[in-house]
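The following exercises concern a structure with its sequence.

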Amino acid sequence: MDLVAILGLNVVNGAASLFLLCLGLAIIFGMMRIINLAHGEFVMLGAYAAVIAANAGVNIFVAMLIVAPLFVGLVGIVVERCLIQFLYGRLVDSMLATWGLSLLIIGLVTTIFGNTMQGVPTPLGGFAIGAYRTSYYTLFLLAVAIAMLALVYGVLRYTRFGLIARAVMQNPEMAAVLGVNPARVYMATFALGAAVTGLAGGVLAPVSGITPVMGGAYVAKAFITVVGGGAAIISGTVSASGLFGFVNQLGAYFTTPVYGEVILFVSAIILIRLLPQGISGRFFKGTV
Amino acid sequence: MSASVKLSLQVVAILVACVAVAVMPVAVDLFQLMQFTLFASMAVLALSLGFIWGFGGILCFGQTAFFGLGAYAYAVAAINFGDSTPAILLAIIVPALFALALGYFVFYGRISDVYLGVITLTVTLILFNVFNSMAGDAYKIGTARLGGFNGMPAVPTFNMPFDPSSVLFPEQSWYVTGGALIAIYIGLRLILRSPFGRVAIAVRENETRASLLGYDPRAIKLGVFVLGGAIAGFGGALYVNWGAFVGPTIFSLSLSAEIIIWICIGGLGTLIGPIVGCFIIEYLISQIGSQQSFNSNLVLGAILIVFVLLLPKGLVPTIRLLLEGAGRLATKGRGQAPNAAPDLSAGQPVGAE
């Protein structure tokens with residue numbers, strides 16, 4: 001029974017981390033059809049921002065939940081103005097340019113901070129379920145994931161910005177005719193996606209190794225989950241990260257963590273083969 | 001440029017390349033010769049992706065999967081047989097069969113575009129994870145231990161066909177690698193001139209139109225993909241011959257990224273472009289690595305961004321356009337009509353340059 005509880009907690013935790021990691025990429029891909037291969041480096045920048053702020057004496061939660069998203073959101077604005085705005089509608093070129101950007105960011109961070117970084121301890125301590133111990137931080141991650149889900153859903157579904165953003169996503173020309181400036185909306189959307197990614201990097205910083213190349217571990221997983229989820233941002237990402245997180249954790253439990261990852265990748269390939277439009281293209285048409 | 005001028009230019013270029021391969025061991029010292037051998041083996045990999053992406057329209061993010069499989073197949077077979085001849089054949093056959101299976105799965109499922117990129121990338125990650133974890137005595141094929149994350153050291157290098165006692169010297173290895181690169185280039189040129197190559201380009205341009213004309217785009221793409229996989233696998237064998245070592249990092253994301261950078265910089269839709277891009281970038285990386293003043297990621301990233309934004313066609317097509325412009329000016333000066341004959345020489349991508 002304890003084992004089932006802890007395993008369930010692990011599955012939920014895996015899905016929640018995957019969801020947090022993917023949400024920013026899904027916003028940028030779903031709204032703008034830009035695949036941001038520098039996504040992993042945005043996560044890394046978020047983690048660095050949180051760790052540096054925390055080591056400078058800022059409260060760890062302020063560093064994770066406010067400093068990291070703000071900083072990466074600003075980076076997102078700069079990147080959109082200097083690079084992405086020239087690449088709308090050029091899917092392959094945007095992938096190549098953001099791949100170049102990811103190398104550039106890795107190079108910059110390595111040059112400035114070196115190859116390793118003093119991490120921060122995981123806050124909040126732990127608790128026991130029967131014979132097994134786990135940390136409160138897993139519950140905190142879950143809470144952050146749910147809060148982000150509600151926040152992004154609320155923004156896209158119920159605010160004026162969300163309405164305009166979805167309109168621009170569906171038909172930029174028509175939105176422009178109605179007096180909206182699509183370029184500004186794209187910029188804001190990209191910044192939002194970057195900020196959400198930075199937040200993910202911030203909250204994952206205490207539980208991951210902080211190196212300039214840490215993004216590489218995330219980008220492929222996030223990319224696969226977003227494509228597997230399909231065009232609808234929230235329902236697609238929730239369903240895909242739930243499914244893949246579940247498969248990954250169970251696979252890791254019954255075999256080894258390495259094969260858990262392999263099982264995730266294999267199931268992603270089968271999913272894309274069966275549902276080329278992603279889960280949301282098949283089951284949740286017309287949702288956010 | 002008329003077709004005959006283009007053809008004679010190509011022949012001249014190939015002759016120059018042959019001469020360069022022949023005199024290289026005399027012109028440079030051994031260390032540089034080894035470097036060039038490495039670059040040439042990677043250029044074979046560049047050529048394979050340049051072919052399937054530029055002429056088949058298949059953006060494969062995981063060409064290293066075939067490169068690495070070829071390298072591992074060569075290493076395992078060479079250790080078991082002690083002779084490199086069957087090992088080289090296996091290094092071509094194993095990745096080709098893998099490409100056949102993967103390509104059947106993908107193309108006959110009508111997966112294209114980004115989804116194809118995701119699947120090939122994922123396959124590479126799977127291979128990386130699997131080969132990385134195959135350490136210990138449990139994982140061996142014949143007498144060859146796969147070695148997990150440590151890789152397989154001391155792999156026998158190339159020998160004279162069917163004569164394991166006479167191992168090739170570095171100079172001879174250079175002749176084999178450089179010669180193979182030129183041979184593959186010529187072979188791909190000939191394929192592009194053949195009916196199959198023309199149909200492949202037609203499929204890249206417009207799949208629907210090609211299928212309405214009675215061709216099966218799925219089969220054509222599969223053929224191009226398998227050919228690309230076989231060439232990449234052979235490149236893997238050449239790579240192992242250079243270093244006598246293969247490890248799981250051959251499947252890494254960064255090598256996959258590098259191939260795409262070579263092609264972007266050299267020029268998509270040409271065969272010479274990927275080779276040029278590969279040599280330039282690899283030379284640059286080795287220079288940066290020996291100087292320690294800049295981080296190589298920083299430089300590579302900046303180069304890639306600049307090329308995508310300012311020179312999206314790549315070096316070779318840009319230079320070709322400049323040359324054609326100059327040639328047109330010259331012919332105008334002599335009072336001839338520019339471009340009198342429609343220029344449709346085979347092998348050159350029609351329309352999409």
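**Exercise 1. A helix and its length**

What span should the 22 residues of helix α10 (residues 233-254) of chain A have at 1.5 Å a residue, and how far apart are its end C-alpha atoms? Determine also how many of its residues are buried.

Solution. The model is a predicted one.
Step 1: The expected span is 1.5 Å times one less than the number of residues, so the 22 residues of α10(A) should span 32 Å.
Step 2: The end C-alpha atoms of α10(A) are 31 Å apart, which agrees with that expectation.
Step 3: Of the 22 residues of α10(A), 18 are buried, so the helix is largely enclosed by the rest of the structure.

**Exercise 2. Two helix pairs**

Describe how α10(A) packs against α11(A), and then how α3(A) meets α8(A).

Solution. 
Step 1: The axes of α10(A) and α11(A) are 7 Å apart, and the helices pack at an angle of about 145 degrees. The crossing of α10(A) past α11(A) is right-handed.
Step 2: On the α10(A) side, the residues that meet α11(A) include A:F244, A:V247 and A:N248. On the α11(A) side, A:P257, A:Y259 and A:G260 are among them. Sorted by class, this contact has eight nonpolar, five polar and one charged residues.
Step 3: Helix α3 (residues 60-82) and helix α8 (residues 182-204), both of chain A, have axes that come within 7 Å and cross at roughly 145 degrees. Here α3(A) passes α8(A) in a right-handed crossing. The classes in this contact are 17 nonpolar, seven polar and two charged residues.

**Exercise 3. Two residues**

Is A:G198 buried or exposed? Which class, by the count of C-beta neighbours, applies to A:T110?

Solution. 
Step 1: A:G198 is located in helix α8 of chain A. A residue is buried if 20 or more other C-beta atoms lie within 10 Å of its own. A:G198 has 31 C-beta neighbours inside 10 Å and therefore counts as buried.
Step 2: Neighbours within four places in sequence are left aside; the contacts of A:G198 then include A:F42, A:L45, A:A68 and A:F71. The C-alpha atom of A:S239, 41 residues away along the chain, is separated from that of A:G198 by 22 Å.
Step 3: A:T110 belongs to helix α4 of chain A. Because A:T110 has 17 C-beta neighbours inside 10 Å, it counts as partly exposed.
Step 4: A:T110 and A:T211 are 101 residues apart along the chain, yet their C-alpha atoms are separated by 8.4 Å. Beyond its neighbours within four places in sequence, A:T110 is in contact with A:N115, A:P212, B:N295 and B:N297.

**Exercise 4. The two chains**

How many residues of chain A are in contact with chain B, and how many of chain B with chain A? State which element of chain A gives the most residues.

Solution. 
Step 1: The contact joins 33 residues of chain A to 30 residues of chain B.
Step 2: Two or more residues each come from α4 (91-113), α9 (215-229) and α11 (257-274) of chain A. Of these, α4(A) gives the most, with 15 residues.
Step 3: The side of chain A that touches chain B has 25 nonpolar, five polar and three charged residues.

**Exercise 5. Annotated spans**

Compare the UniProt record for chain A with the model over residues 6-27 and 34-54.

Solution. 
Step 1: The unreviewed UniProt entry lists several spans of chain A as "transmembrane region", including residues 6-27 and 34-54.
Step 2: In the model, residues 6-27 of chain A are 100% helix and 0% strand, with end C-alpha atoms 31 Å apart.
Step 3: Residues 34-54 of chain A are 76% helix and 0% strand, and their end C-alpha atoms lie 32 Å apart.

Terms used
Residues numbered from 1 in each chain as written. Chains lettered and ligands numbered in written order. Predicted model: local features only at pLDDT ≥ 70, side-chain atom pairs only at ≥ 80, totals over all residues. Contact = placed C-beta atoms within 7 Å. Helix = DSSP H or I, 4+ residues; strand = E, 2+ residues; numbered from the N terminus. Nonpolar A, V, L, I, M, F, W, Y, C, P; charged D, E, K, R; others polar. Buried ≥ 20, exposed ≤ 12 C-beta atoms within 10 Å, placed from the backbone. Axes fitted to C-alpha atoms, helices over the stretch in contact; angles between N-to-C directions. Left-handed = near helix turned anticlockwise from the far one by under 90°. UniProt positions renumbered as here; feature names shortened; annotations may be inferred.
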